[in-house]
Amino acid sequence: MGITLKGLTWDHPRGYAPLLGAAPEYEKQNPGIKIHWDRRSLREFGEAPIEQYLDRYDLLIVDHPFVGFAAAHGALVDLAPSVSEAEKHRFAADSVGPSWESYWYGGGLWAFPIDAATQVASYRPDLFLALSSAVPNTFDDVLELGKKARKAGKYIVVPACPTDAISLLFTLSANLGYPIPEEGESFVDDSVAGEVLGRLHALITLAHPQSVEWNPIQVYDFMISGFDAVYCPYGFGYSNYSRVANSVRLKFANAPGGGEHGCTGTMLGGTGVAISKLSAQPSEAIAYAKWLVAPAHQRGAYFREGGQPASLAAWTDLSVNAMADDFFSGTLQTLQSAYVRPRFDGFVRFFEAAGIEINRCLRGEVKDAALIHWLNDRYARQRGAARQIA
């Protein structure tokens with residue numbers, strides 16, 4: 001009797017198309033194994049507890065902030081014993097930025113990186129070039145472009161819904177040279193938070209009014225569907241929007257620098273493929289996961305089917321770049337210097353709640369000083385709870 005491996009991914013073509021599209025190839029290579037993938041919403045992917053899926057799926061597409069929970073509660077299979085020393089070296093050498101290391105936590109490896117992303121810049125070439133001949137290199141350049149755009153009846157735009165609002169705070173803090181650490185008594189220094197929030201307010205003032213409502217997908221859909229938005233300084237990159245087959249496409253570039261560190265410090269995103277601790281066929285699931293993240297597959301069928309690889313071999317492949325209008329080469333510097341946010345058990349709950357409060361602040365509903373106090377207090381309590389459980 002055959003084996004069916006069931007997986008759960010996120011509901012966007014970048015998340016599901018490469019998995020569905022390549023499944024027949026794996027089934028052909030491995031007679032007796034069938035692959036089935038279900039989807040969950042982007043919000044559920046980022047914030048829903050993974051334990052509710054463990055008894056229903058063998059494979060889970062997750063992001064690295066969940067590894068603290070996995071390490072504390074035994075929710076996922078520790079993949080470290082299944083990886084030889086030679087494989088570890090190959091994974092590390094083929095990692096886009098810190099993607100590989102982001103899934104190591106508490107001495108265990110809780111997923112293989114399958115998709116790499118961070119906050120990068122993007123623009124509509126046809127609209128952008130009417131305002132500027134150079135892509136902004138600094139935050140001040142962004143503000144100048146925003147002013148030019150407004151005078152021309154256009155906008156810059158930035159995803160700043162709750163999830164992306166807190167991502168912006170992490171990015172700017174790290175970019176200014178003050179990354180929020182995994183271990184720390186407080187979340188952020190008052191002066192650093194004040195500087196970051198001042199920059200965010202300046203950005204939101206010039207950006208399209210609906211920026212505080214939108215995630216990156218909504219921003220990019222808006223940018224390609226009309227003629228109002230010319231540039232986005234910080235949004236998790238989606239190579240789907242730069243594919244040369246698109247009639248209207250976006251051009252992606254390295255993120256602007258807020259201080260003296262260039263594009264360094266934008267918050268790492270992306271996904272990994274993990275194995276449920278309750279899977280009845282973990283060895284088969286691990287073998288399939290390794291196949292999915294192998295460089296040959298990542299720069300081949302995985303990319304062609306709409307995926308955004310986590311393999312450096314794919315990011316530096318000339319044909320892959322050509323098909324994505326240099327998305328990968330144009331943003332690789334930002335990815336290579338990305339910042340890994342905290343991952344302790346309970347962090348995801350803090351991240352969700354803090355995003356709501358930061359978004360309220362950007363809407364003018366919460367004062368900066370009150371927000372900073374709330375962030376540090378809530379973070380300290382969440383860290384304290386994590387230490388008690390440990």
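This is a predicted model: local features need pLDDT of at least 70, side-chain atom pairs count only at pLDDT 80 or more; totals for chains, interfaces and linings use all residues.

Author: Of the chain's 390 residues, 58% count as buried, meaning under 20% relative accessible area with a 1.4 Å probe and protein chains only as cover. Residues are numbered from 1 along each chain as its sequence is written, and side-chain values use heavy atoms, leaving out hydrogens and water.

Arg383 sits in helix H17, residues 368–389; helices are DSSP runs of H or I with at least four residues, strands are E runs of at least two, and both are numbered from the N terminus. Leaving aside neighbours within four places in sequence, Arg383 is in contact (heavy atoms within 4.5 Å) with Glu182, Glu183, Gly184 and Phe344. With Glu183, the side chain of Arg383 makes a polar contact of 2.5 Å; that term covers N or O pairs within 3.5 Å, one atom able to donate a hydrogen and the other to accept it, with residues adjacent in sequence counted only if both atoms are side-chain atoms.

Now for the wider setting. Among the chain's contacts with a separation of 6 or more, 77% join residues 24 or more positions apart. The chain has 17 helices and eleven strands, and its C-alpha trace spans about 65 × 50 × 35 Å along the principal axes.

Notes. Buried means under 20% relative accessible area, exposed over 50%, partly exposed in between (1.4 Å probe, protein chains only).
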